[in-house]
Amino acid sequence: MLGKASEIKTLFVDGNCIGEIERQLNTYLEVNKTWEVVDIKYQMLTDPACDDQLYITALIIYKDNQ
């Protein structure tokens, strides 16, 4: 069992390149060592209205074991 709903938290991260998302995720995980990551969901999409600009998002689902 993952735990009670009140114990589960999320963090949404977005950017324009996968390297930027990786740096942000690694920074959050290094700083927040009490986090137990349950899952990370990635999504990539392009915006045809902006010359197919790439957008990348990540949703971290975690429990804070503090």
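Tutor: Buried means under 20% relative accessible area, exposed means over 50%, and partly exposed lies in between, with a 1.4 Å probe and protein chains only. The model is predicted, so local features need pLDDT of at least 70 and side-chain atom pairs count only at pLDDT 80 or more, while totals for chains, interfaces and linings use all residues. Residues are numbered from 1 along each chain as its sequence is written, and side-chain values use heavy atoms, with hydrogens and water left out.

Let us begin with the aromatic residues. Both W35 and Y62 are buried; for W35 the relative accessible area is 14%. These two residues form a stacked aromatic pair, with 3.8 Å from centre to centre and 15 degrees between the planes. Rings of Phe, Tyr and Trp (its six-membered ring) pair if their centres lie within 6.5 Å; planes under 30 degrees apart count as stacked, over 60 as edge-to-face and the rest as tilted. W35 lies in strand β2 and Y62 in strand β3, so their pair ties together parts that are 27 residues apart in sequence. Strands (E, at least two residues) and helices (H or I, at least four) are DSSP runs, numbered from the N terminus.

By the ring rule, there are two aromatic pairs. The rings of Y28 and W35 are also stacked, because their centres are 6.5 Å apart and their planes stand at 10 degrees. Y28 is partly exposed, at 33% relative accessibility.

Next comes E36, which is found in strand β2 (residues 35-47). This residue counts as partly exposed at 38% relative accessibility. Leaving aside residues up to four places away in sequence, E36 touches I61, Y62, K63 and N65, where contact means heavy atoms within 4.5 Å. The C-alpha atoms of E36 and K63 are separated by 5.1 Å, although the two residues are 27 apart along the chain.

Finally, consider the sheet around these residues. Three strands form an open sheet in the order β1-β3-β2, with antiparallel pairing. β1 (8-15) and β2 stand at the edges with a single partner strand each, so one side of each is left without a neighbour in the sheet. Two strands pair if DSSP finds at least two bridges between them. β2 and β3 (residues 53-64) pair in the antiparallel sense over twelve bridges, and the bridge partner of M44 in β3 is I56.
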